[in-house]
Amino acid sequence: MYDSEMPDDFLDFICHAFGITRDDLVVGGRYLNLQDLVRLPNPKGKELEQHPPLPMRIPSLDATESLLRLVRKKDILLHFPYQSFDYLIRFLMEAAFDPKVEEIKITQYRVAENSAVISTLVSAVQNGKKVTVFVELKARFDEENNMSAAERMERAGIHIIYSLPGLKVHAKVAVILRKGGNKDGKCRNLAYLSTGNFNEKTARSYSDMALLTSEPDIIADIQKVFAVLERKILQPGFHHLLVAQFNMVDELKRMINREITHVKEGRKGRIILKMNGLHDKSMIDELYRASEAGVEIDLLVRGICCLMPEQPYSSNIRITRIVDMFLEHARIWYFYNDGHEDLYLTSADWMRRNLSRRIETAFLYSTPISNRRS
C-alpha cells in the first residue's frame with residue numbers, strides 16, 4: 001500500500017528496489033493504521049508462521065513456597081521471553097497478599113490490555129496496601145491504553161502520578177516496602193528492575209532482562225527515583241544506579257575514559273554495548289576517541305546507528321545487528337575495567353531523547369550482587 005500522492009519517479013524507484021510492479025501495489029491514503037496491517041491474513045499459510053518456543057520454567061523458583069522470601073536470600077536474574085514472565089506476576093501477587101508488605105511503587109510505560117500486572121496492583125490496594133503507580137501518558141502509540149489503565153487503577157484507589165511536563169519516564173522499576181524496612185540490618189524491602197516494560201504481552205516477543213533483588217543500595221536509589229517522580233526532591237545523590245538527568249552521562253564518560261587510560265598504560269581496553277539505537281553525537285564522539293586510543297569496541301545496535309565504522313577514527317569499532325524471531329530489546333553495557341568487569345543492565349539507549357529528555361535507569365549487575373540470609 002502506498003500514498004496516492006507519491007511522485008511517479010519515486011514510486012518507480014521503490015518498485016525497482018524491491019523487484020515488484022505497480023500491479024503488486026494497492027493505492028492508499030497518507031495515514032495508515034498499522035494495527036490493521038497486523039490483522040491481514042497470511043497469504044502463504046502456515047509455512048511462513050513462526051512458532052516460538054514456550055518460555056522455560058525455573059525449577060528452583062517453582063519449588064519455593066515464597067518468591068519474596070527467596071529474593072530476600074539471593075538475587076534472581078530473569079531473561080524474557082526465554083524464561084517465563086509469570087514469575088514477575090507471582091512476585092507482585094505475593095506482595096499484594098503478604099501482611100508484612102505496606103507499600104508498592106511501580107512505573108508503567110507501556111501497559112498491556114487486560115493487564116495481569118495491573119490486576120495484581122488492584123488486588124494489593126484491596127488488601128490494604130498503599131500503591132503508587134507512575135503512568136507515562138506520552139508513551140508513543142500507547143497513550144490511549146495507558147490513560148484507560150490509569151483511570152481503572154485510580155477508581156480502585158491506587159495513587160496515580162501522571163507524566164512530568166517536558167520529560168518522559170522510561171525507567172522500568174518497582175519497589176516493595178515491608179514493615180520494618182531494613183531494621184536491624186536485615187533486608188526486608190524488595191525491588192524489581194528491568195530493561196523492558198511491565199507488559200506480559202510484549203514479554204512474549206521482546207528479549208529483555210530483569211532483576212529481583214533486596215540489595216539495600218539499589219532499593220535506596222530506587223526510592224530516590226520515586227521521590228523525584230513525586231516531586232519530593234530535586235537533586236538526589238545516586239550511589240548505585242545510573243539515572244539519566246542526573247549521573248548517567250557523566251558516569252558513562254568516566255568509564256570510557258577509564259578504558260582509554262588502561263590502554264595508554266599498556267593494558268587491555270574493552271567495551272561492548274548492546275542497545276536499540278545510537279545517535280547521541282557526544283557519546284558517539286566518545287566512542288571514536290576511545291577507538292583512536294586503541295580500545296576494542298563491539299556495538300550491537302538493532303535500530304538506528306549513526307556511528308560510522310571502518311573509518312580511520314573508528315577502526316577498532318565493530319557493529320553487529322541482530323534481527324531474529326524475538327525483538328532484541330535489552331540494553332546491556334559492558335566495560336572490561338582492567339579485569340574487574342562492569343556489566344550494566346538498563347532501559348536507556350544512547351539517543352538524545354533517552355539521555356537528555358527522559359528518566360532512565362541503569363544498574364550494575366555482578367554475579368552474584370550479594371548472597372544474603374534472612
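The model is predicted, so local features need pLDDT of at least 70 and side-chain atom pairs count only at pLDDT 80 or more, while totals for chains, interfaces and linings use all residues. Residues are numbered from 1 along each chain as its sequence is written, and side-chain values use heavy atoms, with hydrogens and water left out.

Select Asp-98 to begin, in the loop between helix H5 (86–97) and strand E4 (101–108); helices (H or I, at least four residues) and strands (E, at least two) are DSSP runs numbered from the N terminus. Asp-98 counts as buried because its relative accessibility is 15%, buried being under 20% relative accessible area with a 1.4 Å probe and protein chains only. Beyond its neighbours within four places in sequence, Asp-98 is in contact (heavy atoms within 4.5 Å) with Leu-68, Lys-129 and Arg-178.

Next, display the open sheet of seven strands, whose order is E11-E19-E17-E16-E12-E13-E14 with mixed pairing; two strands pair if DSSP finds at least two bridges between them. Strand E11 (242–243) and strand E14 (317–320) stand at the edges with a single partner strand each, so one side of each lacks a neighbour in the sheet. E11 runs antiparallel to strand E19 (residues 361–364), joined by two bridges, and Val-243 stands opposite Thr-361 in E19.

Conventions. Buried < 20%, exposed > 50% of the residue type's maximum accessible area, 1.4 Å probe, protein only.
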